[in-house]
Each structure stands twice: as C-alpha cells, then as structure tokens.
Amino acid sequence: MDFLRYAERAATMVNAPLEDEDDLRALLADRPWLAERVSAADVRTLRRLRRDLRPVFAEDPEAGDGADRVVERLNDLLARHPVSPFISGHGGQGLHLHVAERRSSVAETLAAEGLMGLAIVVCDLGPDRLGECQADRCGQVFVDTSPNRSRRYCSDRCSSRANVAAFRARRRAATAP
Ligand SMILES: [Zn+2]
Ligand SMILES: [Zn+2]
C-alpha cells in the first residue's frame, strides 16, 4: 500500500462533496473497479466516517494534549473499521499489501485504506502532519508533506488570499488614527 496516497485520499474524501452515489463515484474516478460497486449504504457509512475524521485533522498537536487526541481519535476509528490485510501481486506489480479484502464493501475498503494511511503518517511522520487550512472560512483539510512541516493552507489560492488579508489588516492598523 502507498500509505501517503491513502492518507491524502482520506483528506480528499473529507473535503469533497459527498451527498449521493454520484459524488462517491466522482471521488473514485481513477478506480473504476470500486466506482462501479458504489451503493447508498457506502455513502451513508462514509459520510459518518468523514464527520469523525475532520477533528483528527483539525486538532492542533502543538496545543496541550492535541497529539494524544489525534492518536485517540484514530484508534477509536480503527477499532470501528477493522482492517483485513492481505498480500497481493496482481497486475505484475510485485508483492504488496492491501488493507481490505476483495469482497469488502466500497465503504469498508476506503475506511481501511484511509485509516491505515493516516495511522502510518502519524506514526512515521508525526501527528502534526495532519492539518486544516488556516484561511478564513475555508475548512479544507490536508496531509502536510512539506519538508519543514510548515504547511498552513490547503492551496496556493488560500495562501495568497490570507496574505492579502494580512497585508490589508497591517495597512489598516498603520493608517488608523
Ligand atoms: Zn494492489
Ligand atoms: Zn483553504
């Protein structure tokens, strides 16, 4: 498994619209073998999962016991969404680990992949790698893969929006009577 990609997919699932089966199929556009099995039950399960996942990203590991809470929340979710690992060598890719069986539902597969991906990011890279955009009224979450753990925004757009807002605030402060 490519744990970083699975963790990033989990972030994308938290951010993307997920009202119905079409939204879930859109999320799986690059994985047609999953997209074609999507059901209404998968959408319900994943909507609950992403509601529970958001605070994992929004927690500030630098503040108080924030890092402990990230771990606690992920452990809770791992207990609720069991992982069934197996080794596969399909498609001539060489042996690699899958975290959900072929007969698992789409929701079970995405939950297992996402949670394992996030768990490995937290263990290998640190709980401060999971973040939420700091721009006003954005709320998108991300996995910080920057070399110096400095990511604060979900996108260049939010970053420049925040810079402009900070500049205006400074100018207002400077010209205030
Ligand atoms: Zn595979
Ligand atoms: Zn943003």
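Tutor: Helices, which are DSSP runs of H or I with at least four residues, and strands, which are runs of E with at least two, are numbered from the N terminus. The model is a predicted one.

Helix H6 covers residues 106-124, which makes 19 residues. From its first C-alpha to its last, H6 reaches 27 Å, close to the 27 Å expected at 1.5 Å a residue. H6 is mostly covered, with 14 of its 19 residues buried. Just after H6 comes Gly126, whose phi is positive, at about 115°.

The next stretch carries a label from a record. UniProt lists residues 129-171 under "domain: Zinc finger CGNR", in an unreviewed entry. In the model, this span is 37% helix and 14% strand, and its end C-alpha atoms lie 33 Å apart.

We now come to the metal site itself. Which residues hold the zinc ion (ligand 2)? The protein donors are the SG atoms of Cys133, Cys138, Cys154 and Cys158, at 2.2 to 2.4 Å from the ion. Along the chain, these donors follow the spacing C-x4-C-x15-C-x3-C. One pair among them, Cys138 and Cys154, links distant parts of the chain, the two being 16 residues apart. Cys138 belongs to the loop between strand S3 (130-132) and strand S4 (141-143), whereas Cys154 belongs to the loop between S4 and helix H7 (156-175).

What is the geometry of this site? The angles among the four donor atoms of the zinc ion (ligand 2) run from 106 to 118°, and the site is tetrahedral. For comparison, the ideal angle for four tetrahedral donors is 109.5 degrees.

The reasoning rests on a cut-off: a residue is buried under 20% and exposed over 50%.

Most residues other than glycine have a negative phi. Arg137, in the loop between S3 and S4, has a positive phi near 55°. Arg137 is exposed, since its relative accessible area is 78%. Arg149, found in the loop between S4 and H7, has a positive phi of about 50° although it is not a glycine. At 40% relative accessibility, Arg149 counts as partly exposed.

Another arginine takes part in a side-chain contact. The charged end of Arg151 sits over the ring of Phe142, 4.3 Å from the centre of that ring.

The zinc ion (ligand 1) is coordinated by the NE2 atoms of His90, His96 and His98, at 2.0 Å. Its donor residues are spaced H-x5-H-x1-H in sequence, while those of the zinc ion (ligand 2) follow C-x4-C-x15-C-x3-C.

Definitions and conventions
Residues are numbered from 1 along each chain as its sequence is written. Chains are lettered from A and ligands numbered from 1 in the order in which they are written. This is a predicted model: local features need pLDDT of at least 70, side-chain atom pairs count only at pLDDT 80 or more; totals for chains, interfaces and linings use all residues. Side-chain values use heavy atoms; hydrogens and water are left out. Donors are N, O and S atoms within 2.8 Å of the metal (3.2 Å for Na, K and Ca); water is not among the atoms, so sites may look incomplete. Four donors count as tetrahedral if all angles lie between 85 and 135 degrees; four count as square planar and six as octahedral if opposite donors are over 155 degrees apart and all others between 65 and 115; anything else is irregular. A charge sits over a ring if NZ of Lys or CZ of Arg is within 6 Å of the ring centre and within 35 degrees of the ring normal. The expected span of a helix is 1.5 Å times one less than its number of residues. Buried means under 20% relative accessible area, exposed over 50%, partly exposed in between (1.4 Å probe, protein chains only). UniProt positions are given in the numbering used here, feature names are shortened, and annotations may be inferred rather than shown by experiment.
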